[in-house]
Every structure is written in C-alpha cells, then in structure tokens.
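Dear colleague,

I am handing over the structure below, and would ask you to look at it alongside the notes that follow.

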Amino acid sequence: MDRRLLLELIKDPRAQIGELSQTLSIARNTAQARVKRLLRTGILRNGGREIDLAVIGYDVVAFVTIEVNHRELDGVIAALRTHAQVLEVSEIAGRGDIWCRVAATDTHHLQSALRFILRIKGVLRTETELVLHEHIPYRAQPLLSGME
C-alpha cells in the first residue's frame with residue numbers, strides 16, 4: 001500500500017488525502033495515517049513532494065557520463081528510459097554525450113545497471129562518479145528568490 005501511495009504522490013504531489021483514499025480505495029483515515037508515517041520516517045521529505053531513496057534502500061547514487069555513437073543517440077535514450085534504476089537523463093555538451101543519475105541498493109546492483117547501459121547499442125563508453133553525500137538537494141527557491 002505504501003508503494004502505491006508513493007506512486008500516486010509522484011503522479012500528483014498536490015493530491016489531497018481524500019483523492020488518495022478514493023484512488024487507492026482505502027479509508028481516508030488510513031491514507032492520512034500512512035502519509036503521516038511516511039513523513040515521520042523520512043521516506044517523504046520536503047512536505048511530501050520528494051522521496052528519500054536512501055530511506056527505502058536505494059542508498060547508492062551515481063552520475064554516469066555516457067559517450068555514444070551519435071547515430072544511435074535516440075535509441076540509447078529510449079533504452080535508458082526503460083531501466084528503473086535510471087532516474088534522470090540529460091544530453092550534454094563537453095566530455096561525453098549523455099549524463100544520467102542512477103540509483104542502486106548496493107554496488108552490485110549499481111554494477112548490473114552499468115552493465116545494462118554498456119550493452120545498449122550505440123554506447124561507446126561510460127564514466128561513473130559515485131555520490132558520497134548530498135549536501136544541497138535539487139532546489140529552485142534561491143533562483144526564484146533572486147529574480148526581479
């Protein structure tokens with residue numbers, strides 16, 4: 001039930017308790033109690049709009065820079081989209097062609113994701129950087145606060 005609740009909150013972070021209970025076919029009090037527990041345990045953070053992957057067991061995060069055959073770029077991106085451990089993908093300028101963020105439960109799980117990436121048609125090589133600690137999570141507030 002918690003997984004289904006988290007999936008609904010990802011779809012619509014502003015969903016109200018009543019909407020969640022109706023969508024999931026559970027009592028309103030059950031939905032409210034579960035959301036409160038997810039917040040208390042730290043799985044949900046930032047007021048329920050973000051999921052702390054480390055709390056649910058995905059405490060290994062890596063940034064992977066991928067060099068690709070440019071004729072295969074669209075296919076590489078499509079293949080990356082199919083892999084659940086790939087959280088985000090960006091086409092970049094500079095060293096490499098694609099940058100992606102990958103989450104894993106441990107280094108063996110990360111290795112399997114990296115092997116998946118290397119087997120994608122058009123991938124020439126990868127470079128992986130492990131995240132040791134997140135000091136500043138993704139944020140937009142300072143940027144918006146500085147706008148005039």
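**Helix packing and an aromatic pair**

In this predicted model, helices H2 and H3 are roughly perpendicular to each other, a class that takes in angles from 65 to 115 degrees. Helix H2, which covers residues 17-24, packs against helix H3, residues 28-40, at an angle of about 115 degrees, and their axes lie 8 Å apart. The crossing of H2 and H3 is right-handed. On the H2 side the contact is made by Ile 17, Gly 18, Leu 20 and Ser 21, while H3 contributes Arg 28, Ala 31, Gln 32 and Val 35. Sorted by class, the residues in the contact of H2 with H3 comprise four nonpolar, three polar and one charged.

Turning to the aromatic residues, a search of the whole structure finds one aromatic pair. Its members are Phe 63 and Trp 99, whose ring centres are 5.2 Å apart and whose planes stand at 25 degrees, so the pair counts as stacked, the cut-off for that class being under 30 degrees.

Methods
Residues numbered from 1 in each chain as written. Predicted model: local features only at pLDDT ≥ 70, side-chain atom pairs only at ≥ 80, totals over all residues. Heavy atoms only, no water. Axes fitted to C-alpha atoms, helices over the stretch in contact; angles between N-to-C directions. Helix = DSSP H or I, 4+ residues; strand = E, 2+ residues; numbered from the N terminus. Parallel < 35°, antiparallel > 145°, perpendicular 65-115°, else oblique. Left-handed = near helix turned anticlockwise from the far one by under 90°. Contact = heavy atoms within 4.5 Å. Nonpolar A, V, L, I, M, F, W, Y, C, P; charged D, E, K, R; others polar. Phe/Tyr/Trp six-rings, centres within 6.5 Å; stacked < 30°, edge-to-face > 60°.
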